[in-house]
Each structure stands twice: as structure tokens, then as C-alpha cells.
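The paragraphs below go through one protein chain, beginning with a single residue and ending with the chain as a whole. Please keep the sequence and the structure in view while reading.

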Amino acid sequence: MAKKAIAIDGPSGAGKSTTARMLARELGYKYIDTGAMYRAVALAGLREGLDFDNEEELAGKLTALAEEIEINFSSPDRKGRVEIFLDGENVTEEIRKLKVDQLVSRVASIAGVREVMLTKQRELARNQPVVMDGRDIGTRVLPDADLKIFLTASLKIRARRRLRDHHAQGDKITLEEVEERLRKRDTRDRERAHSPLRRAADAFEINTDEKEPEQVVREIRDLFREVV
Ligand code: CDP
């Protein structure tokens, strides 16, 4: 029998990772942050010194690199936080840096990279019950997920949340800059040819503008009870 799976998609800053992490902890499922996987590929590319301006070569090189590298998640700590390892090295903090932020949606628009990640992500979901978050989980990675959620929030609120994250890790950036970057990344994610960000027809949409994470988690848990 297929393992249980909850898919959570939506744009940057809608609250996916906080919600998915809390939910996974409550249910005793594994939390898989697929954005972190694309970030790890972007970081690997940076470390290899790939020329990100050379579009022609970049796709092939990044796809090969995505296949070569090993990406692992730790078991959750008491707060449900998981760490991500790139070839055995803990890169949890480094993948959140601005330089990765700027490159990641370009990396994620490469078809070859997406194919490699798709295989890895499906394999993870085959082995254990998961809460998986990303952009294309309900539409492509796990089209048969038991429950699909699409989280949204206004750009202003999403930018404020992201600004808080950036300041917490010591990045110097203004609200306007964060907003502009989010807008760019959202557009790229929505308009790309391969697995663009969109709500699956059978996904429940939740707007998180005025909701605490606890409330969102409660709503998803209630929906989950109804469907399984
Ligand atoms: O944390 P934040 O919401 O800003 O982004 P993320 O979830 O870490 O994802 C970073 C980027 O990876 C996104 O902007 C997408 O370009 C890409 N991504 C994707 O294409 N497909 C996924 N399933 C997850 C992330």
C-alpha cells in the first residue's frame, strides 16, 4: 500500500515550511523540504564555480551535478526542525543565504535538474509517510497525495515574513528589496515551462495572511481527518 502523503504548495513566504514542519511533527511523518533540495543544487553549482551567465552550458552542467551530489535530511529535533546535508556537510544555514536565494529559481527552471529531483522526491515518499512542501508537489511530484494544500498570502505579508528571516540570519536587506526579489522569483516560478507553480485542481487553498501557523496546522489536520 502507498505511504500516506500530504502535499503543500504555494509561493515564497506563504508559510509552507513552518506549517509543514509542525504538521509532520504532530503526525509523526517525515518533513521533506523540496525547496531546500533545489537550494542545495544551487549551492553545489556555486561551489563548483559554474558560470551562471552561460545559459547554454549551465543546464547540462547543473543536471550532471544534481545527479552526482548526495542530499540528505536529518531526523527532526524536538521542535521538528530538520537539517540538510550536501555530500555529508551540514548546509542548513548556507542554503538560506542571499546568494543562493538569487540563483535558486533559475536552477529550478532547468528541466534536467527537475527530473533528477523528481526521482529523489518520489523515492523519499515511497519509503515513509511524508509531508512534502514545494511548488509542484500536488501537480507533479505526488499527484496521488492523500491531501493537497495550496497556501497563499499577500505579497506584503510574505515580504515581511521573509525580511524577518533575513534579519535573523544577519543579512542586510530592506523590505522593498525583499518584496522585489519575491516578486521576481514568484514570476519565474509561475511562468516557467516545466512544472510551474500552480494550484492542483483538487488542492484546498488556504490564505495565511491573518492566521498563526498553529491555526493553519489545525485546519490542515482537520481536512486530513476527513479525507483519510
Ligand atoms: O523558502 P522559500 O519559500 O523562499 O523558497 P523554497 O521553498 O526554499 O524554494 C526555493 C526555490 O526553489 C523556489 O523559488 C522555486 O524556484 C524552487 N522550487 C521549485 O521549483 N519546486 C519545488 N518543488 C520547490 C522549490
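R198 is partly exposed, at a relative accessible area of 49%; partly exposed lies between buried, which is under 20% relative accessible area, and exposed, which is over 50% (1.4 Å probe, protein chains only). The model is predicted: local features need pLDDT of at least 70 and side-chain atom pairs count only at pLDDT 80 or more, while totals for chains, interfaces and linings use all residues. Residues are numbered from 1 along each chain as its sequence is written, and side-chain values use heavy atoms, with hydrogens and water left out.

The loop between α8 (175-191) and β8 (204-207) holds R198. Helices (H or I, at least four residues) and strands (E, at least two) are DSSP runs, numbered from the N terminus. Apart from neighbours within four places in sequence, R198 is in contact (heavy atoms within 4.5 Å) with R135, T139 and F150. Its C-alpha atom is 9.0 Å from that of G138, although R198 and G138 are 60 residues apart along the chain.

Strand β6 covers residues 130-134, and five of its five residues are buried, so β6 is largely enclosed by the rest of the structure. V130, M132 and G134 point one way from the strand, and V131 and D133 point the other way. Strands of a sheet pair through backbone hydrogen bonds, either parallel or antiparallel. Two strands count as paired if DSSP finds at least two bridges between them.

Two bridges join β4 (residues 84-86) to β5, and F85 has N90 as its bridge partner.

The whole chain has nine helices and eight strands. How does its radius of gyration agree with that of a compact globule? For 228 residues such a globule would have a radius near 17 Å, and the chain has 17 Å, which agrees; the radius is taken over C-alpha atoms, and the globule rule is 2.2 Å times the number of residues to the power 0.38. Buried residues make up 48% of the 228.
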